[in-house]
Amino acid sequence: MKKFILLLFLGTVFFGNSQQITLKKGIVMDSIAVKDSISESFSLYLPTSFEVEKNWPILFVFDMAGKGKQAIRMFKDAAEKQGYILAASNNVNDTLTTSQNILITGRMFNEIITLLPIQKDRTYSAGFDSGARFASVLPIFVKGIDGVISCGAGYPNLEILDGNNLFHFIGIVGKEDYAYPEMLIGKSVLGRLKFPNHLLLFKGGHAWPDTQYLEKALEIFTLSAMAKGKIGKDEAYVDSAYAQNLQEINRLIRSNNLIQADNLLEEVMSVYRVFKDTDSLKKIKRELKKDKVFKTMTRNENNTLLKESFIKEDYVYYLEEDLATYNYNNLGWWIYQMGELKKYDKSKIEAEKEMGKRLLGYVNALIEDNIDIVSAGSQVDQEVLSLLWMLKTITDPDDYSYYLKIIASSAQMEDYGTSLFYLEELLKKGYADKAELYSLEGTALLRITPEFNEIVAKYLKDARYDIIEE
């Protein structure tokens, strides 16, 4: 009962298009309908400090599977602390064209502008992976997007950027993420094009960053708004944020994460130079540059990035060749490459460990992109698709779905030898869903063979059908 009363107290009632909408603060609201639309909706989050008497910054978060509520939850804590409204469409999708997604986004924008007091020059977009790529191109097509937070994805097409249409770009990426080298290059290009931009690094792979990095990105947008006079300068806010960043820099140095420390130093100096004397930071940076360990780390980082670029070229070349020639005989080469990547896990050089993880992520993303391309074709080349699935069992052996696809596809082509081989490989990995095995589409004839049931009985103790001895 108390919770219900609290929600009513925090609720704000808006009237629009003869429709009453109650918007509650401090919770993620899902499925708010877009006017003049039968099926489009969005998710919304208002910070608990929200008041209708003032204008608010807003961050549009994009998930290209239309999971708006899930996307907003990633930013919820950061938005609450920094005082941002969050909104996310439930209808944008990778299966739609960019123009279709932009039209959906535009209708959502217009709906929210009529509902809420938005500060028009403080509108931002964000996302992860494909959502980040879509968020990044929005400022080109939608007027009024002042900044982008791109997690785990570089700018999708640097050639379309226009120096007359500048926006603030903040990249966030893990050092084990295959997008890391691309985002380093993108930062350099954006800098040359005079785009205000920052790159925040964390220790991790291709995943959403922790809240502290999302909060830092919103913090940078707020400080930029202060620097440009869009909002009043808040000395207490500046001092507190600066102190926290200095504390984080010192923590990174103490924990020997010197590459990250140097990166954060650069970003903090860039952001705070209009507010504070950054001589103390410059001193830390000079001392860091002289540090022998840092010099070694920087050299190792540069060497591995160069080596990584060559290995990635090999992956692209051999994958194209194998698919063009249906070269199943080259599967051994890919097995060998995965063995080489595992060696990096045992390296004493941190940069090599990170490179190994990035390369594994890259080769999996490369194969998955090809699977999507082949599957989307008007005439699916089943042989190429099967080869790609086989490659996935090598590069991502713990993903059981690809074994199952091969078993079913091969059975439909009456290639029982391949089906049985991948069945045993699957069961060796620990797969134990017997019900799924015996309901695989297109495998009815395979399932009644003695060979199939012998393999199942060997690993799962008993089979669905009795094995008849001759």
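Author: Happy to! On a 1 Å grid over the protein atoms alone, a pocket is an open set of points where a 1.4 Å probe fits, with protein on both sides within 12 Å along at least five of seven lines, and lining residues have an atom within 4 Å of a point. Grid points are joined across faces, edges and corners, and a volume is the space filled by probe spheres set on the points. Keep in mind that this is a predicted model, where local features need pLDDT of at least 70 and side-chain atom pairs count only at pLDDT 80 or more, while totals for chains, interfaces and linings use all residues. Residues are numbered from 1 along each chain as its sequence is written, and side-chain values use heavy atoms, with hydrogens and water left out.

Reader: Got it. How much space lies in the second largest pocket?

Author: About 720 Å³. It is lined by 33 residues, and nearest its centre lie Lys187, Asn197, His198, Glu267 and Ser270.

Reader: Which elements give two or more residues to that lining?

Author: They are H5, strand E10 (197-202), helix H6 (211-227), helix H8 (258-272) and helix H10 (292-325). H8 has the largest share, seven residues. Helices (H or I, at least four residues) and strands (E, at least two) are DSSP runs, numbered from the N terminus.

Reader: And the largest pocket, how much space is in there?

Author: About 870 Å³. It has 32 lining residues, and the closest to its centre are Asp94, Asp129, Ser130, Arg133 and Asp369. Helix H12 (350-376) is among the helices that supply at least two lining residues, and H12 gives the most, with eight.

Reader: You mentioned Asp129. Where is it found?

Author: Asp129 sits in the loop between strand E7 (118-128) and H4. Its phi is near 60°, a positive value in a residue other than glycine.

Reader: Is Asp129 buried or exposed? And what about Lys194, buried or exposed?

Author: Asp129 has a relative accessible area of 17%, so it is buried, whereas Lys194 is exposed, at 63%. The cut-offs are under 20% relative accessible area for buried, over 50% for exposed, and partly exposed in between (1.4 Å probe, protein chains only).

Reader: How does Leu184 count then?

Author: Leu184 is partly exposed because its relative accessibility is 29%. It is found in helix H5 and touches Leu199 and Leu305, not counting residues up to four places away in sequence. Contact here means heavy atoms within 4.5 Å. Leu184 and Leu199 are 15 residues apart in sequence and 7.9 Å apart in space, C-alpha to C-alpha.

Reader: New topic! How many residues does the largest nonpolar core have?

Author: It has 54, and those with the most contacts inside it include Leu59, Phe75 and Tyr272. A nonpolar core is a set of buried Ala, Val, Leu, Ile, Met, Phe, Trp, Tyr and Cys residues joined through side-chain atoms within 4.5 Å.

Reader: Last one: how many helices and strands does the protein have?

Author: The protein has 18 helices and 10 strands. Of its 470 residues, 49% count as buried.
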